[in-house]
Amino acid sequence: MAEQDKPETGWRGSREGWLDAAYAALVREGVDAVKIMPLAEQLKLSRTSFYWFFKDREALLTALAELWEARTTAPLIAATRDYGETETEAMLNVIACFLSAETFDARLEFAMRGWGLKDPAILSRVTDADQRRLAALSAMLERWGHDAQDADVRARTIYLVQIGYISMQASESLETRLTRIPKYVEIYTGRPPEPREIARFRARFES
């Protein structure tokens, strides 16, 4: 079998396996824990098998940063564009994104912000993501009739509250969070959600 035809899984593991292990190390201990040899030992693989999937450690770190974008920024921006019959329903779409680990990976977000304190390039990437997220929130609010300044302030209120939850690693039960959602929506949009909208929203998390 030619070398280029060899499968990408098996005794050397897989790209996804190495990336998953790096992700776990990053969110558990920070970027300094993302090192090839400890990951190899954890996966019970040889160090050389790593190089089948990544050129070097820097390539692995780049893949982690791309994973973070895919698990946070991309779904949040998509949520700001999701269909909503009303502005309050559109805001509930955004809040739902933040509440699910499948659409906004808060652990990875926290780890990336810690990584950014050590790496100017990562800090720049996080800052850029902040601006793109805020711009998407502002644009959503403008589509619902808020003027630019009002939309900007409301977007910052929405976003900084969420980043505050993540940065403080706030411990709050889902039920407690859900009981606060109607008032958050009213603060964010200037109008309370309809009971039917809250019922549909809660059904997303209680089914």
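**Domains**

I started with the spacing of the two domains: the centres of domain 1 and domain 2, taken over C-alpha atoms, are separated by 32 Å. I kept in mind that this is a predicted model. The division I worked with puts residues 8-54 in domain 1 and residues 68-204 in domain 2.

How many residues of domain 1 are in contact with domain 2? I found five, and they touch seven residues of domain 2.

**H1 against H3**

Next I looked up how helix H1 (residues 15-29) sits on helix H3 (residues 57-71). The two pack at an angle of about 80 degrees, and their axes are 10 Å apart. H1 is therefore roughly perpendicular to H3, as an angle of 65 to 115 degrees counts as roughly perpendicular.

I then listed who makes the contact. From H1 I noted Arg15, Trp18, Leu19, Ala22, Tyr23 and Leu26. H3 answers with Leu60, Ala63, Leu64, Leu67 and Arg71. Sorting the residues of this contact by type gave me nine nonpolar, two charged and no polar.

**The largest nonpolar core**

Which residues touch the most other members of the largest nonpolar core? I noted Val34 and Leu64, in a core of 32 residues. Two or more residues come from each of H1, helix H2 (36-43), H3, helix H6 (106-116) and helix H7 (120-143). H1 gives the largest share, with eight residues. I also checked the core against the domain bounds: domain 1 (8-54) and domain 2 (68-204) each supply at least three of its residues.

A general reminder for my own notes: nonpolar side chains tend to be buried together in soluble globular proteins.

**Leu64 up close**

I set aside the neighbours of Leu64 within four places in sequence and asked what else Leu64 is in contact with. The list reads Leu19, Ala22, Tyr23, Leu26, Val34 and Trp115.

**Arg12**

My last stop was Arg12, which lies in the segment before H1. Is Arg12 buried or exposed? Its relative accessible area is 3%, so Arg12 is buried, given that buried means under 20%.

I also took the distance from Arg12 to Thr189, which are 177 residues apart along the chain. Their C-alpha atoms are separated by 52 Å.

Terms used: Residues are numbered from 1 along each chain as its sequence is written. This is a predicted model: local features need pLDDT of at least 70, side-chain atom pairs count only at pLDDT 80 or more; totals for chains, interfaces and linings use all residues. Side-chain values use heavy atoms; hydrogens and water are left out. Axes are lines fitted to C-alpha atoms, for helices over the stretch in contact, and angles run from 0 to 180 degrees between N-to-C directions. Helices (H or I, at least four residues) and strands (E, at least two) are DSSP runs, numbered from the N terminus. Angles under 35 degrees count as roughly parallel, over 145 as roughly antiparallel, 65 to 115 as roughly perpendicular and the rest as oblique. Contact means heavy atoms within 4.5 Å. Ala, Val, Leu, Ile, Met, Phe, Trp, Tyr, Cys and Pro count as nonpolar, Asp, Glu, Lys and Arg as charged, and the others, Gly among them, as polar. A nonpolar core is a set of buried Ala, Val, Leu, Ile, Met, Phe, Trp, Tyr and Cys residues joined through side-chain atoms within 4.5 Å. Buried means under 20% relative accessible area, exposed over 50%, partly exposed in between (1.4 Å probe, protein chains only). Domain bounds come from an automatic or database domain assignment.
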